[in-house]
Amino acid sequence: MITILCVGKLKEKSLYQLCGEYIKRLSRYVAVTVTELPDLPEPRYITEDSLERMRLEEGRVVLRRIRQRDYVIALCVEGDRIDSEAFAARLEALKQAGRSDITFIIGGSAGLSAQVKARADAALSLSALTFPHGLARLVLLEQLYRAHKIIAGERYHK
């Protein structure tokens, strides 16, 4: 079971439809649940303190949704940058080790709190670039689909 915890909702209908398409494709291989958690409005005057308060409050909500048995992967810029084959290999290794409940966390506009990152078993970077959370969700779903095609020995275009 793969769970994706996202701080914030998808606002673009086209992204919502594309994400739905990848969830449907993934259903052949693994159950995927996407849970949207509330994001906080950005303060009128953005300071590092106000961003830290956002991260802490959003982080508390995220941490309440993580189960003890979950293997947690935080998506953050300082995470490991790996290619699709290595990502597939990591997912397969987790499965072989009996870690079938995997939770990915996508933070809000302020990023992830230190507490969420500390709870994570691993950190993954989708790119050195920064993506809005909706696009990060789509890229993650596509890469999960690609990884499962690789694991199954099926062809997936490069």
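**Note on the strands, core and open spaces of a predicted model**

1. Strand β1 (residues 2–7) is mostly covered, since 6 of its 6 residues are buried, where buried means under 20% relative accessible area, exposed over 50% and partly exposed in between, with a 1.4 Å probe and protein chains only. Helices (H or I, at least four residues) and strands (E, at least two) are DSSP runs that are numbered from the N terminus. The model is a predicted one, in which local features need pLDDT of at least 70 and side-chain atom pairs count only at pLDDT 80 or more, while totals for chains, interfaces and linings use all residues. Residues are numbered from 1 along each chain as its sequence is written, and side-chain values use heavy atoms, with hydrogens and water left out.

2. Both faces of β1 are covered, with Ile-2, Ile-4 and Cys-6 buried on one side and Thr-3, Leu-5 and Val-7 buried on the other. In a regular strand the side chains alternate between the two faces of the sheet.

3. On pairing, which requires that DSSP finds at least two bridges between two strands, β1 and strand β2 (residues 32–37) run in the parallel sense over 6 bridges. Within this pair, Cys-6 has Glu-36 of β2 as its bridge partner, and Val-7 stands opposite Leu-37 in β2.

4. Strand β4 (residues 102–106) is joined in parallel to β1 by 5 bridges, and in parallel to strand β3 (residues 71–80) by 5 bridges. Thr-3 has Thr-103 as its bridge partner in β4, whereas Leu-75 has Ile-106 there. A right-handed β-α-β unit is made by β3, helix α3 (residues 84–96) and β4.

5. How many residues of β4 are buried? The strand is mostly covered, with 5 of its 5 residues buried, and this holds for both faces, as Ile-102, Phe-104 and Ile-106 are buried on one side and Thr-103 and Ile-105 on the other. Thr-103 counts as buried because its relative accessibility is 2%. Thr-103 and Arg-65 are 38 residues apart in sequence, and their C-alpha atoms are 9.8 Å apart in space.

6. The largest nonpolar core has 29 residues, of which Ile-4, Phe-87, Phe-104, Leu-140 and Leu-144 touch the most other members; such a core is a set of buried Ala, Val, Leu, Ile, Met, Phe, Trp, Tyr and Cys residues joined through side-chain atoms within 4.5 Å. Two or more residues of this core come from each of β1, α1 (13–26), β3, α3, β4 and α5 (133–151), and the largest share, 7 residues, is that of α5.

7. For the open spaces, a 1 Å grid is laid over the protein atoms alone: a cavity is a set of points where a 1.4 Å probe fits but cannot get out, a pocket is an open set with protein on both sides within 12 Å along at least five of seven lines, and lining residues have an atom within 4 Å of a point. The largest pocket holds about 520 Å³ of space, a volume being the space filled by probe spheres set on the grid points, which are joined across faces, edges and corners. Its lining has 26 residues, of which Leu-75, Cys-76, Gly-108, Thr-130 and Phe-131 lie nearest its centre, and β3 gives the most to that lining, with 4 residues.

8. The second largest pocket has a volume of about 210 Å³, and its lining residues include Met-1, Ile-2, Tyr-29, Ile-102 and His-148. The elements that give two or more residues to this lining are α3 and α5, with α3 giving the most, 3 residues.

9. The count comes to 1 cavity of 30 Å³ or more, and about 40 Å³ of space lies in the largest cavity. Val-7, Arg-55, Glu-58, Gly-59 and Val-62 are among the residues that line the largest cavity, and helix α2 (residues 48–65) supplies the largest share of the lining, 4 residues.

Technical notes. A crossover is right-handed if, with the strands pointing away from the viewer, the path from the first strand over the helix to the second runs clockwise.
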